[in-house]
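Take a moment to look over the whole model before going into its parts. The paragraphs below start with the overall make-up and then go through one region after another.

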Amino acid sequence: MLERLANKHIVLGVTGSIAAYKAADIVRRLREAGSEVRVVMTRAATEFVTPMTFQALSGNPVHLHLLDAQAEAAMGHISLARWADAILVAPASADFLARLRQGRADDLLSAVCLAGDVPLAVAPAMNQRMWSDRATQENIQGLKSRGILLFGPEDGSQACGETGVGRLQEPLQILTQLAEVFSSGALDGLRVLLTAGPTREPIDPVRYISNHSSGKMGYAIAQAAAEAGARVTLISGPVALSPPPSVLTLPVVTALQMFECVVQQLKHTDIFIATAAVADYRVTEVAPQKIKKTSAPLTLQLSLNPDILGQVKQQAPHIYCVGFAAETEQVVPRARIKLQQKGVEMIAANQVGGENNLGGFSSDNNSLTLCTPESEVTLALAPKAKIARELITHVARSYPLWRQTRKASAQILRFGKPPL
Ligand code: PMT
């Protein structure tokens, strides 16, 4: 379950409570699960645990002040909120909950919570009387009605010597609920096949033709599909990434190998997403030994590689196919041409090669325009993990409708149009 937290960006807010020490264990477990963590502490929290503890455990500087020009220049409250895939405040004190309810933004943590457009969860910890007080209960109802998630608190003995509801939940329990945030179930029961990364086309035993694909986009989509409940198989060209958890990853090197591997998986596929930057050509005759340098120009003859995406659509029209179109200019018009030529259901138009590296190859961020025969949706520049989740949401929405339409037209072909 905690594998859903892999590669997630978590902002952990720590507020003033005796339970602040448990936040150290939360950071440790998040790191173990593969999350990247940035800790934001309120002033009161620093009275209980030192920022140094969280810095050492998270491997990142701890964020403390709202009006600190230096810290804002490095990663300000808006950037922190945008960086996050989820914000967790644990422990959340009664005072912090009251401030969150009011929409205050006069310290860093409340400002990050207000600026965030991602799931926000609070794990309260306070004295049992403070928890049951009407003011706190009204605040909790108000927060819940805004969609803020509530983890706990627990009933039991408290640090102040009293017994009742108000204890911070155990770190594992908090993280199990946080992991659920990343499970949409939108692709429950479906089998998704993906290609990702570059292919390498050998010239001789030491040289090859390839491209700048890092695999980040495809791996993020594989993870997003798994989190949405799909059984995912990822066919990956050579990249320097760890296989996403709960995804069957099959490594290949050349376009021909990728093609063969894809064909073998088609029987078990409902949705095919081709993110890979497949080399269009391969060297016709790979030299068995290293080609020696001479003063004469060297000519390599290239042969066309199979169009994997096009072949999948031809061989298995019942598979919902999503392609990508990496283009340096006229991105959407060219993507639309590919949509038609390959006869697929969706093409994600991807601007690449810009001067500022705002997306595309190797970058951690991307922006896409999802083109279908009927629609066009732009996903604004964001971390690839977020873009991947948005893409999966769109695929999950249009897949059932597409399948229904396909079934209906197959029936018309078999039995003719039903009488009106
Ligand atoms: O890996 P990253 O560094 O994260 O970068 C992501 C990316 C830029 C590689 C990715 O987002 C992307 O745009 N991938 C498609 C790149 C590409 O080569 O596009 P294309 O226009 O050449 O191909 C169109 C589509 O046909 C693609 O879905 C491609 O996978 C597929 N194709 C292409 C050639 C071929 N022989 N077989 C194919 O299946």
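Helices (H or I, at least four residues) and strands (E, at least two) are DSSP runs, numbered from the N terminus. Counted this way, the protein has 14 helices and 19 strands. The model is a predicted one, in which local features need pLDDT of at least 70 and side-chain atom pairs count only at pLDDT 80 or more, while totals for chains, interfaces and linings use all residues. Residues are numbered from 1 along each chain as its sequence is written, and side-chain values use heavy atoms, with hydrogens and water left out.

Along its principal axes, the C-alpha trace spans about 80 × 75 × 35 Å. Accessible areas come from the Shrake-Rupley method with a 1.4 Å probe; for residues, only the protein chains shown count as cover. The accessible surface of the protein comes to about 21000 Å², and carbon and sulfur atoms hold 52% of it. A residue is called buried under 20% relative accessible area, exposed over 50%, and partly exposed in between (1.4 Å probe, protein chains only). Of the 420 residues in the protein, 47% are buried. Contact means heavy atoms within 4.5 Å. Among contacts between residues at least 6 apart in sequence, 68% join residues at least 24 apart.

Now to the strands. Two strands pair if DSSP finds at least two bridges between them. Five strands form an open sheet with parallel pairing, in the order β2-β1-β3-β4-β5. Because β2 (36–41) and β5 each have a single partner strand, they stand at the edges, and one side of each is left without a neighbour in the sheet. Helix α2 (residues 51–58) packs on this sheet and touches β1 and β2; its direction makes about 170 degrees with that of β2. Such angles run from 0 to 180 degrees between N-to-C directions, and the axes are lines fitted to C-alpha atoms, for helices over the stretch in contact.

Asp155 stands opposite Val165 in β7. Five residues lie between the two strands, and Gly161 in the turn has a positive phi of about 100 degrees.

Some backbone angles deserve a separate look. Most residues other than glycine have a negative phi, and most peptide bonds are trans. Asn7, in the segment before β1 (9–14), has a positive phi of about 65 degrees although it is not a glycine. Ser246 likewise has a positive phi, of about 55 degrees, and is found in the loop between β11 (231–236) and β12 (247–251). Ser246 counts as exposed because its relative accessibility is 55%. A cis peptide bond joins Ala90 and Pro91, with omega about 0 degrees, and Pro91 is found in strand β3 (residues 86–92). Another cis peptide bond joins Gly152 and Pro153, with omega about 5 degrees.

Which residues are closest to the ligand? They are Ser213, Ser214, Ala276, Lys338 and Asn350, out of 27 residues that surround the ligand, where near means that a heavy atom of the residue lies within 4 Å. Oxygen atoms of the ligand have backbone N or O atoms of Met217 at 2.8 Å and of Leu309 at 2.9 Å, and a polar side-chain atom of Lys384 at 2.7 Å. The protein covers 95% of the 770 Å² of accessible area that the ligand has on its own. The largest share of the shell, four residues, comes from β16.

Leu309 also belongs to the buried residues of α12, together with Ile308, Gly310, Val312 and Lys313. At the start of α12, a side-chain oxygen of Asp307 reaches to within 3.3 Å of the backbone nitrogen of Leu309.

How values were computed:
A polar contact is a pair of N or O atoms within 3.5 Å; within protein, one must be able to donate a hydrogen and the other to accept it, and residues adjacent in sequence count only if both atoms are side-chain atoms.
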